[in-house]
Amino acid sequence: YLEAFLSSFVPEKGLEEAEMQRLESLVSELIRSNLLCHDAWLHCLISKGVFLTGNSGRQTDAPTKRQQRLLANLPFFPEARHDSCQRRILLRNVNILDMGP
């Protein structure tokens, strides 16, 4: 259910930044509390092609950009060190290091 929500989430016009920050806080807390499996979420994003690069000629759509931004802006938790490595590798693959405000 959460993946469907994240894929279909569209921030309200004029409140995009505030709503994205709230969403980042929500997902961060779900991961920290082990209610959302970081690995499963990343596997889902990979299978959806969120990190594809190359000469595919396709434009990066808004939901994909939101997913990439969300992933780029989540905090790193000391108890899950491998999460930060996974994220850095995937984000560098699409030339994203920080998508903050």
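1. His38 counts as buried, because its relative accessibility is 4%. Buried means under 20% relative accessible area, exposed means over 50%, and partly exposed lies in between, with a 1.4 Å probe and protein chains only. His38 belongs to helix 3, which covers residues 38-47. Neighbours within four places in sequence aside, His38 is in contact with Ile31, Asp83, Gln86 and Arg87. Contact here means heavy atoms within 4.5 Å.

2. The model is predicted, so local features need pLDDT of at least 70 and side-chain atom pairs count only at pLDDT 80 or more, while totals for chains, interfaces and linings use all residues. Residues are numbered from 1 along each chain as its sequence is written, and side-chain values use heavy atoms, with hydrogens and water left out.

3. The protein chain has five helices and zero strands. Its pattern along the sequence is α-α-α-α-α. Helices (H or I, at least four residues) and strands (E, at least two) are DSSP runs, numbered from the N terminus.

4. Of the 101 residues of the protein chain, 39% are buried. Among contacts in the protein chain with a separation of 6 or more, 67% are between residues 24 or more positions apart. The chain exposes about 6,600 Å², and carbon and sulfur atoms supply 56% of that area. Accessible areas come from the Shrake-Rupley method with a 1.4 Å probe; for residues, only the protein chains shown count as cover.

5. How many salt bridges are there? The count comes to three. A salt bridge is a side-chain nitrogen of Lys or Arg within 4 Å of a carboxyl oxygen of Asp or Glu. Side chains of opposite charge can pair when their charged atoms come close.

6. One of the salt bridges is between Glu17 and Arg69, with the closest N and O atoms 2.5 Å apart. This pair links distant parts of the chain: Glu17 is in helix 2 (residues 16-32) and Arg69 is in helix 4 (residues 62-73), 52 residues apart. Glu17 is partly exposed, because its relative accessible area is 32%. Arg69 counts as buried, because its relative accessibility is 12%.

7. Arg69 also meets Glu24 in a salt bridge, at 3.0 Å from N to O. Here too the pair links distant parts of the chain, with Arg69 in helix 4 and Glu24 in helix 2, 45 residues apart. Is Glu24 buried or exposed? Glu24 is buried, because its relative accessible area is 11%. Leaving aside neighbours within four places in sequence, Glu24 is in contact with Arg69, Leu70, Asn73 and Leu74.

8. A further salt bridge joins Glu29 and Arg32, whose closest N and O atoms are 2.5 Å apart. Both residues lie in helix 2, three residues apart, which is about one turn of the helix. An α-helix has 3.6 residues a turn, so residues three or four places apart point the same way. Glu29 is partly exposed at 37% relative accessibility, and Arg32 is partly exposed at 41%. Salt bridges that share partners join Glu17, Glu24 and Arg69 into one network.

9. Helix 4 has twelve residues, which at 1.5 Å a residue should span 16 Å; its end C-alpha atoms are 16 Å apart, so the two values agree. The expected span is 1.5 Å times one less than the number of residues.

10. The structure holds one cavity of 30 Å³ or more. About 40 Å³ of space lies in the largest cavity. On a 1 Å grid over the protein atoms alone, a cavity is a set of points where a 1.4 Å probe fits but cannot get out, and lining residues have an atom within 4 Å of a point. Grid points are joined across faces, edges and corners, and a volume is the space filled by probe spheres set on the points.

11. Which residues line the largest cavity? The lining consists of Leu6, Phe9, Met20, Leu23, Arg66, Gln67 and Leu70. Helix 2 and helix 4 each supply at least two residues of this lining. Helix 4 gives the most, with three residues.

Technical notes. 1 Å grid on protein atoms, 1.4 Å probe; cavity = no way out; pocket = protein on both sides within 12 Å on 5 of 7 lines; lining within 4 Å.
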